[in-house]
Amino acid sequence: MFSHIMVGTNDLDRAKAFYDATFAALGVNPGFVDRHRVFWRSPTGVFSASLPIDGQPACHANGGTVGFACASPEQVDAWHAAGLSAGGAAIEDPPGVREGPSGKMYLAYLRDPDGNKLCGLYRYP
């Protein structure tokens, strides 16, 4: 359904360092810079961070979340730890199991250095 996800950043180098670290925990190669954007490609999608092309400051979406599929609870924890080490902030409840109408999940939340809300999520079979 999705071709890509792009978030805004006010500091391209900082965003690249943060996402290179978190995506390494998910097995994704470092991003490549294309002028004012960085792109990370995987077999399941493309993620990008971009300086706003209108010249205005980037800001995060209130109520928005970008979720990243993880292969195990351990990978969620590695993603979360990498994000904290790379300048992200822990938010919501600590990483752990949640149960709801869509089943049992293990997840963790972070804000990237620009304030974008991110989620690492593993769905139990």
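Begin with contacts across the whole chain. Among contacts in the protein with a separation of 6 or more, 55% join residues 24 or more positions apart. Keep in mind that this is a predicted model.

**Stop 1: the whole chain**

Show the protein as a cartoon. Look for two helices and nine strands. Now trace the elements from the N terminus: the order is β-α-β-β-β-β-α-β-β-β-β. How compact is the protein? Its radius of gyration is 14 Å, close to the 14 Å that the globule rule gives for 125 residues, so the protein is as compact as a globular protein of that length. Switch to the C-alpha trace. Along its principal axes the trace spans about 40 × 30 × 30 Å.

**Stop 2: the surface and the inside**

The protein exposes about 7100 Å². Carbon and sulfur atoms supply 54% of that area. Next, colour the residues by burial. Of the 125 residues, 42% are buried.

Then select the charged side chains. You will find 10 positive and 12 negative ones. The centres of these two sets lie 5 Å apart.

**Stop 3: the aromatic rings**

Hide the surface and show the aromatic side chains. How many aromatic pairs does the structure hold? There are twelve. Zoom in on tryptophan 40 and phenylalanine 47. Their ring centres are 6.1 Å apart and their planes meet at 45°, so this pair is tilted.

Tryptophan 40 has 2% relative accessibility, so it counts as buried. Phenylalanine 47 has 5%, so it is buried as well.

**Stop 4: a pair between strand and helix**

Select phenylalanine 68 and tryptophan 79. They form a tilted aromatic pair, with 6.3 Å from centre to centre and 50° between the planes. Where do the two residues sit? Phenylalanine 68 is in strand S5, residues 66–69. Tryptophan 79 is in helix H2, residues 73–85.

Phenylalanine 68 counts as buried at 11% relative accessibility. Tryptophan 79 is buried, with a relative accessible area of 0%.

**Last stop: the cluster**

Select Phe18, Tyr19, Phe23, Trp40, Phe47, Phe68 and Trp79 together. These residues form one aromatic cluster.

Note on methods
Residues are numbered from 1 along each chain as its sequence is written. This is a predicted model: local features need pLDDT of at least 70, side-chain atom pairs count only at pLDDT 80 or more; totals for chains, interfaces and linings use all residues. Side-chain values use heavy atoms; hydrogens and water are left out. Helices (H or I, at least four residues) and strands (E, at least two) are DSSP runs, numbered from the N terminus. The radius of gyration is taken over C-alpha atoms; the globule rule is 2.2 Å times the number of residues to the power 0.38. Buried means under 20% relative accessible area, exposed over 50%, partly exposed in between (1.4 Å probe, protein chains only). Contact means heavy atoms within 4.5 Å. Accessible areas come from the Shrake-Rupley method with a 1.4 Å probe; for residues, only the protein chains shown count as cover. Lys and Arg count as positive and Asp and Glu as negative; His and the chain ends are not counted. The place of a charge is taken as NZ of Lys, CZ of Arg, CG of Asp or CD of Glu. Rings of Phe, Tyr and Trp (its six-membered ring) pair if their centres lie within 6.5 Å; planes under 30 degrees apart count as stacked, over 60 as edge-to-face and the rest as tilted.
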